[in-house]
Amino acid sequence: MPSSTSSSDDRLGGLRAPPPLAFFDPEHVERPVPARPWRALLVAALIVTIGLTAGWEVYWRGKMLAAGDYKNTSALWAQERRKAVGDATVMIGSSRIFFDIDLDLWEEAAGVRPVMLAMEGTSPRLFLKDLADDENFRGLTIVGVTAPVFFTQDGGLRAEVLDYYKKETPSQRFDHFLSAPLEETFAFLDEQTRPKTQMTTAPLPLRDGMQPLFYPRKLSISAADRNTEMWARVVEDERYKEEAKAQWALILQMMAPPPSADGSPPPPFPQEAIDAVVGEVKANVDKIRARGGDVAFLRFPYDGMFAVAEDNGFPRERFWDRLVAETDSVGVTFHDYPELQGYEIAEWSHLTAREAERYTRALVPIFEARMAEKKAEREARGAN
Amino acid sequence: MLFNSLTFVVFFAAVVALHSSPLPWRAKKLSLLIASYIFYGAWSPPFVLLLMISTAVDWKAAQWIHRSTGEGRRRLFLMLSLATNLGILGYFKYGGFLLENFTMLMNSVGVAYQAPEWSIVLPVGISFYTFQTMAYSLDIYLRRAAPSKSLLDFSLFVSFFPQLVAGPIVRPSQLVPQFAEPKQATAQQFYWGLALMTIGLFEKVVLADSFLAPAADGAFGASGALHPLDAWTGVLAFSGQIFFDFSGYSTTAIGAALCLGFALPNNFLYPYAAIGFSDFWRRWHISLSTWLRDYLYIPLGGNKKGRLRTYANLMITMLLGGLWHGASWTFVVWGGLHGLYLAAERLCREVFGAGRSWYNNIVFKLSMALLTYFLVNITWVFFRSQTFAQAKTMLASMFALAAEPQKVLYWNEIAPALIVVAGMVATHWAMRSTTLEYVAEKTPRWLIGALWAFMLFMLVITQGSDSAFIYFQF
């Protein structure tokens with residue numbers, strides 16, 4: 001027997017000096033076991049680990065984290081994407097539709113529960129194309145439009161989710177299945193509690209000449225089906241709210257186009273780029289309609305520095321109005337309805353949980369009425 | 001299936017339970033084989049077929065080699081084995097690389113050739129298991145071993161899940177005989193195996209992914225020249241990341257096998273305390289360096305065919321060793337640099353001779369260890385860079401020769417990375433002439449318990465890891 005795990009006595013033999021190093025012997029493998037009370041050590045280590053973990057859980061609950069808040073992983077998105085088949089109603093967009101729509105209330109008012117496929121910082125055009133290319137989908141797609149993200153030339157922050165969805169391995173899918181009961185139980189299972197995140201956000205001094213790091217704070221909590229709302233701490237903890245706003249200010253400053261060399265304002269968003277985006281969106285909208293589905297657009301309220309950046313950089317008539325008109329779609333923007341204005345926007349970009357409820361209740365009747373009008377309009381056009 | 005996943009926890013618990021049940025030995029081995037196929041198929045079920053093809057071809061080829069008396073027939077059957085394994089490897093791993101270089105060659109001689117798109121998915125760990133099965137055919141051909149008598153044992157040798165996708169690359173003589181008789185871990189082996197798995201996962205999930213990857217990725221992900229501090233931090237962090245990632249896998253694999261009662265060889269022995277490059281390659285990825293020594297360097301003639309051939313053999317071995325890591329010229333240069341280092345070290349030995357008293361001087365040894373680590377870091381630049389242009393910029397940045405250097409790393413990334421790297425190098429130096437087992441036996445119990453609890457707790461709060469092991473791609 002050329003190989004051995006030294007199982008006869010599991011000992012190193014009471015060595016008094018370091019053993020000679022056996023680098024590699026192609027004929028033998030020695031796997032000695034140090035003579036220690038391993039079972040007792042494991043039990044002790046487990047007891048200490050459980051105690052420390054309990055303390056960690058209590059600490060984070062004290063920071064307002066709660067069990068049942070699901071991490072917004074690619075696997076969770078893929079799980080919901082698999083539901084987007086047949087005549088399902090699907091919501092895509094970046095973070096505003098994600099925060100500002102309460103799926104429970106939408107279902108209560110509209111009679112159908114949408115599948116939430118919005119992803120923060122990510123252009124919904126990717127998801128629209130994916131749905132348009134999917135022959136199994138012929139439902140209603142509701143697109144949340146945040147102009148700077150919608151018209152972006154790359155996919156945005158989480159564009160990789162589509163690739164993940166298409167290539168998800170059986171073990172990744174099973175991992176997600178196993179993680180669900182843990183997320184239902186433990187509050188500390190959250191991206192912001194990880195040591196890596198803690199190190200990244202630790203308030204260390206900046207090196208000379210460097211900009212502060214852009215690292216968005218946790219803003220939301222999500223249910224198992226990605227029904228998402230603003231995290232209570234953003235509303236209740238003023239200091240935390242200011243940190244969140246500071247991060248938005250930083251990214252807006254980083255993304256702002258530089259002024260021209262002569263100091264004049266930066267050139268506007270190029271017309272050809274707008275034409276290309278609208279053309280691409282129209283093609284995908286037409287594909288979905290050709291299968292009996294439909295597409296509609298929503299625009300959600302914003303405030304503060306976002307209002308300055310978006311209203312100046314993405315004027316409604318050049319972007320929103322054109323998108324809605326050329327795709328012949330229903331487009332509901334908060335600008336047009338007093339019922340959709342005057343809400344509390346905690347950090348300039350997203351509604352608080354309570355306001356999202358109020359907003360959803362106000363939005364659904366308007367949306368349904370507009371959809372009915374559009375249907376009648378199309379029928380009338382068809383009859384002529 | 002990743003070791004650092006919940007799926008593996010459930011899978012491993014089921015495998016251990018089945019292996020500890022009162023089933024006959026053959027049924028246990030069969031269950032281990034099925035488990036290994038599930039482990040591999042959890043990435044992509046069709047790729048299990050590749051494992052089966054490798055197994056079937058080498059099983060038959062080895063028998064034919066053993067039975068044949070004529071050298072010509074023996075060589076023919078060996079070629080069948082090598083062609084199958086290298087063919088699979090070549091198609092999946094090097095196809096795109098070969099096509100790209102062929103296109104460049106054609107274009108450079110004025111032939112307007114447009115290569116078709118090559119989008120073949122690389123099966124994980126393909127370089128590891130193809131080398132393992134080739135070792136079997138080569139051992140039979142070189143009359144170093146007799147063929148296995150059991151197809152089940154041989155199949156399990158090829159696909160044994162703990163070391164299937166990232167090593168250690170086990171020799172048939174090390175593992176096949178272990179499947180011949182019933183194996184069951186003793187309680188002590190089982191718990192020590194769990195301790196090793198904890199250490200391995202801690203290395204990967206906490207040290208490599210959480211502490212070192214941000215700095216390495218930040219520096220190597222930047223476009224343009226870097227401030228020297230950023231460049232050095234990125235390279236040093238990568239030296240730690242690649243060590244903890246790969247050593248973490250090997251340690252977890254050794255622990256998992258031990259929990260089942262099987263012994264796997266060490267793959268790393270504190271390589272950053274190496275004094276010189278022959279020492280480094282006795283400590284880094286040992287199962288690959290010895291594979292290359294036994295199946296490439298020695299068959300090429302080793303050091304038995306004159307001085308010039310020795311140096312040439314050394315270079316060929318290291319260049320191919322570099323290419324084994326990936327289908328890119330940057331890996332070839334990485335291997336080439338190691339070949340040059342080894343050749344230079346050999347030359348120094350020839351010039352200065354053996355047995356000099358100052359060889360054992362601690363200052364000399366420490367200086368040589370630091371020089372070795374420094375030169376290893378230069379090679380990591382080529383290993384980690386995507387292109388030669390990036391490698392050139394990084395090297396220029398490290399030595400403050402780059403124009404318009406930028407700062408891209410925050411203290412939040414620099415501080416943890418440098419602390420962990422300093423701790424790693426110091427630990428390697430302290431452990432240079434001893435073993436983990438020996439140290440564990442001498443360490444106070446309370447300290448072992450505390451360290452084990454600390455590692456477990458860190459694994460829990462790190463919440464697993466989002467990234468696969470770096471060596472899976474090789």
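This is a short exchange about how some labels are assigned in a predicted model.

Modeller: Residues are numbered from 1 along each chain as its sequence is written, and chains are lettered from A and ligands numbered from 1 in the order in which they are written. The model is predicted, so local features need pLDDT of at least 70 and side-chain atom pairs count only at pLDDT 80 or more, while totals for chains, interfaces and linings use all residues.

Colleague: Why is A:E229 called buried?

Modeller: A residue is buried if 20 or more other C-beta atoms, placed from the backbone, lie within 10 Å of its own, exposed if 12 or fewer, and partly exposed in between. A:E229 has 24 such neighbours inside 10 Å, so it counts as buried. A:E229 is found in strand 7 (residues 228–230) of chain A; a strand is a DSSP run of E with at least two residues, a helix one of H or I with at least four, both numbered from the N terminus.

Colleague: What is A:E229 in contact with, leaving aside its neighbours within four places in sequence?

Modeller: Contact means that the C-beta atoms of two residues, placed from the backbone, lie within 7 Å. Among the contacts of A:E229 are A:F99, A:D102 and A:A353.

Colleague: What makes B:A400 exposed?

Modeller: B:A400 has 12 C-beta neighbours inside 10 Å, and therefore counts as exposed. B:A400 lies in the loop between helix 15 (388–398) and helix 16 (411–430) of chain B. Its phi is positive, about 55 degrees, although B:A400 is not a glycine.

Colleague: And why is B:R143 called exposed?

Modeller: Because B:R143 has 10 other C-beta atoms within 10 Å. B:R143 also has a positive phi, of about 60 degrees, without being a glycine.

Colleague: How do you know that chain B agrees with a compact globule?

Modeller: The radius of gyration is taken over C-alpha atoms, and the globule rule is 2.2 Å times the number of residues to the power 0.38. For 474 residues a compact globule would have a value near 23 Å; chain B has 23 Å, so the two agree. Chain B has 18 helices and zero strands, and 50% of its residues count as buried.

Colleague: Which residues touch the most other members of the largest nonpolar core?

Modeller: A nonpolar core is a set of buried Ala, Val, Leu, Ile, Met, Phe, Trp, Tyr and Cys residues joined through C-beta atoms within 7 Å. The largest has 142 residues, and B:L212, B:A219, B:A257, B:L258 and B:A417 touch the most other members. Helix 8 (residues 187–220) of chain B gives the most to this core, with 21 residues.
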